[in-house]
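Please keep the sequence and the model in view while reading.

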Amino acid sequence: MIKLIITDMDGTLLNSKNEINDEFWEIQDKLSKQDVIFAVASGRPYYNLVERFKNIKDNMLFISENGACVMYQEKEIYSNTMKREDVFFLLNICKNIKGIVPILCGKKSAYVEKNIYYNDRCGFKEEISKYYNKLEIVDDLNEVEDEFFKIAVCDFLISEKNSYKYFKGYEDKFQVVISGKVWMDLGKLDTSKGMAIRMTQQNLNISYDETMVFGDYLNDYSMMEEAKYSYAMKNAHSQLKEVANFITKEDNDNNGVLETIKEYFPNL
């Protein structure tokens with residue numbers, strides 16, 4: 001019996017217009033009444049996810065920052081923060097990469113430097129605002145006092161082709177994940193959505209066989225290894241489809257996640 005359902009947001013639960021299908025709210029309510037925990041796992045910060053699901057936040061589990069933080073019923077059940085020296089080492093590399101904006105993601109807020117944020121010729125502000133509704137504009141990221149989960153890199157020159165090449169040589173020391181066409185995340189080596197799911201399963205006494213996951217991009221790769229019912233979206237990256245146990249019949253624009261869930265829970 002499935003007890004835990006975890007889905008990525010962008011390209012998975014959300015359609016191409018950044019919308020959640022209206023049917024979701026009724027299905028989530030019925031799952032909750034059957035003691036099935038519904039969770040979202042995203043590179044987005046916790047406060048962004050809570051805002052999106054504020055009316056049902058007490059009945060959901062949130063895996064944020066690509067697995068660096070897990071919150072359930074407003075309690076932290078797992079977190080994995082970076083060393084300050086590692087954060088500033090990675091930020092220093094970012095300074096030499098053209099066409100990007102590094103966003104420092106902390107427990108209290110996300111942070112971006114003033115000189116980059118206000119000198120926007122590419123439309124970074126609009127893209128960043130989709131994910132960071134709590135954002136502080138600072139003079140220098142190196143002076144920020146907080147605990148940090150990751151550095152998110154917004155790269156309009158395409159992360160897989162541009163910024164990734166500057167960090168791929170550090171994949172033995174840091175988590176380097178292409179999380180979207182214009183996004184890349186840098187974090188602790190042992191941080192991943194997969195690790196967050198494993199810690200969640202241990203904390204809630206839920207097994208691999210009782211877990212269902214959905215994802216579409218490379219930052220969802222580790223999730224596929226932690227669930228018997230691992231689904232890559234029909235629209236997923238080809239590498240994700242190779243490791244998933246299943247592929248959804250429909251893509252994110254045709255309600256792929258919910259249609260799959262209904263197959264396993266016909267009484268919904």
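Thr 191 counts as buried because its relative accessibility is 3%, where buried means under 20% relative accessible area, exposed over 50% and partly exposed in between (1.4 Å probe, protein chains only). The residue is found in the loop between strand S11 (183-188) and helix H8 (193-204); helices (H or I, at least four residues) and strands (E, at least two) are DSSP runs, numbered from the N terminus. The side chain of Thr 191 is joined to that of Asn 80 by a polar contact of 2.9 Å, a polar contact being a pair of N or O atoms within 3.5 Å, of which, within protein, one must be able to donate a hydrogen and the other to accept it, while residues adjacent in sequence count only if both atoms are side-chain atoms. When neighbours within four places in sequence are left aside, Thr 191 is in contact (heavy atoms within 4.5 Å) with Glu 65, Asn 66, Gly 67, Ala 68, Asn 80 and Gln 175.

This is a predicted model, in which local features need pLDDT of at least 70 and side-chain atom pairs count only at pLDDT 80 or more, whereas totals for chains, interfaces and linings use all residues. Residues are numbered from 1 along each chain as its sequence is written, and side-chain values use heavy atoms, with hydrogens and water left out.

Ala 152 lies in strand S9 and is buried, with a relative accessible area of 0%. Apart from neighbours within four places in sequence, the contacts of Ala 152 include Val 101, Pro 102, Ile 103, Tyr 132 and Trp 183. In helix H4 (residues 84-94), the residues Val 87, Phe 88, Leu 90, Leu 91, Ile 93 and Cys 94 are buried, and what covers them includes strand S6 (100-106), strand S9 (148-155), helix H7 (164-167), strand S10 (174-180) and S11.

The largest nonpolar core has 49 residues, of which Ile 5, Ile 6, Leu 31, Val 40, Phe 53 and Ile 261 touch the most other members; such a core is a set of buried Ala, Val, Leu, Ile, Met, Phe, Trp, Tyr and Cys residues joined through side-chain atoms within 4.5 Å. Strand S2 (residues 37-41) gives the most to this core, with five residues. A second, separate core of 26 residues includes Leu 91, Val 138, Leu 141 and Leu 218.

Eight strands form an open sheet of mixed pairing, in the order S5-S4-S3-S2-S1-S12-S13-S14, two strands being paired if DSSP finds at least two bridges between them. Strand S5 (75-79) and strand S14 (246-247) stand at the edges, each with a single partner strand, so one side of each is left without a neighbour in the sheet. Strand S1 (residues 4-7) pairs with S2 in the parallel sense over four bridges, and Ile 5 stands opposite Phe 38 in S2.

The table gives values for the chain as a whole.

| Property | Value |
|---|---|
| Helices and strands in the chain | ten helices and 14 strands |
| Span of the C-alpha trace along its principal axes | about 55 × 35 × 35 Å |
| Buried share of the 268 residues | 55% |
| Share joining residues at least 24 apart, among contacts between residues at least 6 apart in sequence | 63% |
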